[in-house]
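This report describes a predicted model.

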Amino acid sequence: MPKILLDCDTGIDDAMTLLYLASLVKAGAAELVAVGTVHGNIDPRSGALNTLRVLELAGVDGVPVAIGAPRPMAQDVHYALDFHGSDGLGDTGRPAPRGEPTAEAAPAQIVRLARERPGELTLLATGPLTNLGAALLLDPELPSLIREVVIMGGAFDHPGNITTHAEANIWHDPEAAELVFAAGWPVVLVPLDATHPTAVEAPWLDRLAAHDSEPARFASRILEFYIDSYAPILKRRGCVIHDALAAMLIAEPDLGTYVERPVRVELRGELTRGATIWDARTAPARDDRRPVKVMVGSDVERFQERLLASVFAL
Ligand code: BDR
Ligand code: CA
C-alpha cells in the first residue's frame with residue numbers, strides 16, 4: 001500500500017487530488033501520511049487551510065498539514081488567484097476548517113518523516129518544488145530515504161502555461177526544481193504533455209453535477225470556476241485536472257506511458273527561464289544525471305472514470 005507524503009498548493013486541481021487521495025485512504029488503498037503546503041496557486045497558510053477543509057469535507061481526519069515555504073528560492077513570489085479564485089478554491093467561500101496546521105515547517109516535516117520511515121514514503125509534489133529543495137538542503141541524505149518522488153510539472157513538446165516554454169510549478173521556483181532533478185533520487189514527472197489530453201469535458205462535468213453528495217457538489221462548484229479559467233485555452237467547456245493524474249499513477253503506474261530522460265531546468269534564459277529541458281539524444285548518453293521517468297501519455301478514459309468514481313465514493 002503506498003504511503004504518500006503530499007506537498008501541494010491547494011488550488012482547485014490540488015483539491016480534486018485531495019478528494020481522490022481521500023477515497024484511496026477510506027478504501028484502505030493508501031496511507032496519506034502528511035501534507036505540506038507551499039507558495040504557488042496561493043500563499044501556503046491559505047493552502048494549508050484549504051487542504052484541511054477538503055480533507056474534513058472528505059471525512060479524512062488526523063492527517064497533519066504543515067505550512068511550508070512562503071516564497072521561491074531566488075525570485076519574487078507570484079500567486080495564481082485569477083485561475084484558482086481569491087481563496088484558491090474558486091471563491092466558494094467555504095467555512096474555516098475545524099483543524100489547525102501543525103507548528104512544524106513543511107521541509108522539516110519531509111526530513112523527519114523520511115528519517116522515521118526510511119525507504120517507505122512516496123513524495124507527491126503538486127505545487128512548486130521549494131519545500132522539496134529546502135528539504136534536500138536540510139538533509140543531503142534525503143534522496144536515499146525516499147522511495148519515489150512523483151511530480152506534476154514541466155512541459156516538453158507541449159507549450160508552457162505561464163510562458164511559452166515554462167509550466168507553472170517549475171516556473172514558480174526554477175532553482176528548487178533544478179535541485180530536485182539533480183538529486184539522484186527516483187523521480188516520475190507528469191508534464192503538461194501528459195495532463196492536457198486528459199481534460200474533462202461537458203459529459204463528465206454533467207455527471208459530476210448530477211451526483212447528490214456534499215463532496216460532489218463541492219467538486220462541481222470549484223470546477224465551474226476553473227472551467228471559466230480554461231475557456232480561452234480549451235475553447236470548449238472543460239478543464240485540466242493536472243495534479244490528480246500524478247496522484248493516480250502512484251496507485252496505478254500502468255495508467256501511463258513513459259520515457260526515461262535526464263531533465264534540467266533552464267535558469268538563465270531571457271525567454272525560457274523555468275523551462276524543462278530533456279535530453280532526447282540517443283546513446284551514448286551525454287548527460288550523466290539520473291534519468292527521470294517522464295509520463296508522455298495515459299489511459300484517459302480510465303483516469304477520468306476513476307476520478308469521478310473516487311468523488312462519488314466519498
Ligand atoms: C499546475 O499549476 C497549478 O496551477 C496547478 O495546481 C498544477 O499543479 C499546472 O501547471
Ligand atoms: Ca497544484
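Strand 10 and strand 13 (residues 292–298) run antiparallel and are joined by six bridges. Within strand 13, Val292 stands opposite Arg261.

Both strands belong to an open sheet of nine strands with mixed pairing, in the order 4-3-2-1-5-6-7-13-10. The edges are formed by strand 4 (102–105) and strand 10 (256–261); each has a single partner strand, so one side of each is left without a neighbour in the sheet. On average, neighbouring strands of this sheet are turned by 25° against each other, direction ignored.

The ligand site comes next. Ligand 1 is surrounded by 15 residues, of which the closest are Gly11, Asp13, Ala168, His242 and Asp243. Three helices, listed below, each give two or more residues to this shell.

| Element | Residues |
|---|---|
| helix 1 | 12–26 |
| helix 7 | 168–171 |
| helix 12 | 242–251 |

By residue type, the shell around ligand 1 consists of seven polar, four nonpolar and four charged residues.

Is helix 12 enclosed or open to the outside? Helix 12 is largely enclosed by the rest of the structure, because eight of its ten residues are buried. The buried residues are His242, Asp243, Ala244, Leu245, Ala246, Ala247, Met248 and Leu249.

Note on methods. Residues numbered from 1 in each chain as written. Chains lettered and ligands numbered in written order. Predicted model: local features only at pLDDT ≥ 70, side-chain atom pairs only at ≥ 80, totals over all residues. Pairing = 2+ DSSP bridges. Helix = DSSP H or I, 4+ residues; strand = E, 2+ residues; numbered from the N terminus. Axes fitted to C-alpha atoms, helices over the stretch in contact; angles between N-to-C directions. Near = placed C-beta within 6 Å. Nonpolar A, V, L, I, M, F, W, Y, C, P; charged D, E, K, R; others polar. Buried ≥ 20, exposed ≤ 12 C-beta atoms within 10 Å, placed from the backbone.
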